[in-house]
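Me: I have a chain open here and would like to talk it through with you, piece by piece. Could you keep the sequence and the structure in view while we go?

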Amino acid sequence: YRTGDLVRWNRDGNLEFLGRTDFQVKVRGLRIELGEIESALVALEEVAQAVVAVHDGDVGRHLVGYVVPAGGRSVDAEAVREAVGRALPAYMVPDAVMVLDAFPVTASEKVDRTALPPPRWNTREFRAPTTPIQQVVAAVFADVLGIDRVGLDDDFFALGGNSLAATR
């Protein structure tokens, strides 16, 4: 039975997990095959190439889609997320989509996933909390997410939060 897990025996005679031998990842407790998300991204006519990576942030792991536009086209990152959301389950939709002119490559011309830029998290126009309860909730969200401020219209998950961070 092949799991895709890479392990080794340590000095104590126990198996030590080293990583995966494929592009399957575990995010928010779910196993995800990155290739499935990449296929959904390149199925969009405005996307020529796509790579999906996991970004480990202060509040957990996030899926980030990196796309290169098809010749002469422009890509609206939010529209891409919405389109992929119609094709994939919600847990597989990238938390952020980054549009690049080209992917960084290694000496052997393979995508250098370690050189992909960190994601930029979108925030909405700021509307300050007005009631004491809103102010407390916004302050807690900001603290958990490690950001300066959270407004009335901000979405905890769109700002980079997840269910594990929400328990804090």
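Me: Where is the place of Asp-56?
Reply: Asp-56 sits in strand E5, and please keep in mind throughout that this is a predicted model. With a relative accessible area of 52%, Asp-56 is exposed, because the cut-off for that class is over 50%.

Me: And how far apart are Asp-56 and Pro-118, in sequence and in space?
Reply: They are 62 residues apart in sequence, while their C-alpha atoms are 9.7 Å apart in space.

Me: Let me step back, then: how many helices and strands are in the chain?
Reply: The chain has four helices and seven strands, and reading along the sequence gives the pattern β-β-β-β-α-β-β-α-β-α-α. Among contacts with a separation of 6 or more, 48% are between residues 24 or more positions apart. Of the 168 residues in the chain, 33% are buried, and the accessible surface comes to about 10700 Å², with 50% of that belonging to carbon and sulfur atoms.

Me: Which residues touch the most other members in the largest nonpolar core?
Reply: That core has 20 residues, and those touching the most other members are Ile-32, Ile-37, Leu-41, Leu-63, Val-67, Val-80 and Val-84. Two or more residues each come from strand E3 (24-27), helix H1 (34-42), strand E5 (47-57), strand E6 (60-69) and helix H2 (77-87), with H1 giving the largest share, four residues.

Me: What does Ile-37 touch, not counting residues up to four places away in sequence?
Reply: On that count, Ile-37 touches Ile-32, Val-52, Leu-63, Leu-88, Met-92 and Pro-94. There is also a second, separate core of nine residues, which includes Val-64, Met-98, Leu-100 and Leu-116.

Me: Switching to the surface, which residues form a nonpolar patch there?
Reply: Val-7, Trp-9, Leu-15 and Phe-17 form such a patch, and together they have about 470 Å² of accessible area. Strand E1 (5-9) and strand E2 (15-20) are the elements that give two or more residues to this patch. Trp-9, which is found in E1, counts as exposed at 63% relative accessibility.

Me: Now charges: how many salt bridges does a search of the whole structure find?
Reply: The search finds five. One of them joins the side chains of Arg-8 and Glu-16, at 3.3 Å from N to O; Arg-8 is partly exposed at 46% relative accessible area, and Glu-16 is partly exposed at 28%. Another pairs Arg-81 with Glu-78, whose closest N and O atoms are 3.1 Å apart, and both residues lie in helix H2, three residues apart, about one turn of the helix.

Me: Where do Asp-153 and Arg-127 lie, the pair that links distant parts of the chain?
Reply: Their side chains meet in a salt bridge at 2.6 Å, N to O. Asp-153 is in the loop between H3 and H4, whereas Arg-127 is in the loop between E7 and H3, 26 residues apart.

Me: Is Asp-154 buried or exposed?
Reply: Asp-154 counts as buried, because its relative accessibility is 14% and the cut-off is under 20%. Asp-154 is placed in the loop between helix H3 (132-145) and helix H4 (163-166), and its side chain reaches the backbone nitrogen of Gly-151 at 2.7 Å.

Me: Last one: what is phi of Glu-109 near?
Reply: Phi of Glu-109 is near 65°, a positive value in a residue other than glycine. Most residues other than glycine have a negative phi. Glu-109 lies in the loop between strand E7 (96-99) and H3, and counts as exposed at 62% relative accessibility.

Technical notes
Residues are numbered from 1 along each chain as its sequence is written. This is a predicted model: local features need pLDDT of at least 70, side-chain atom pairs count only at pLDDT 80 or more; totals for chains, interfaces and linings use all residues. Side-chain values use heavy atoms; hydrogens and water are left out. Patches are made of residues with over 30% relative accessible area and no salt bridge: like charges are joined within 9 Å, nonpolar side chains (Val, Leu, Ile, Met, Phe, Trp, Tyr) within 5 Å. Accessible areas come from the Shrake-Rupley method with a 1.4 Å probe; for residues, only the protein chains shown count as cover. A salt bridge is a side-chain nitrogen of Lys or Arg within 4 Å of a carboxyl oxygen of Asp or Glu. Buried means under 20% relative accessible area, exposed over 50%, partly exposed in between (1.4 Å probe, protein chains only). A nonpolar core is a set of buried Ala, Val, Leu, Ile, Met, Phe, Trp, Tyr and Cys residues joined through side-chain atoms within 4.5 Å. Contact means heavy atoms within 4.5 Å. A polar contact is a pair of N or O atoms within 3.5 Å; within protein, one must be able to donate a hydrogen and the other to accept it, and residues adjacent in sequence count only if both atoms are side-chain atoms.
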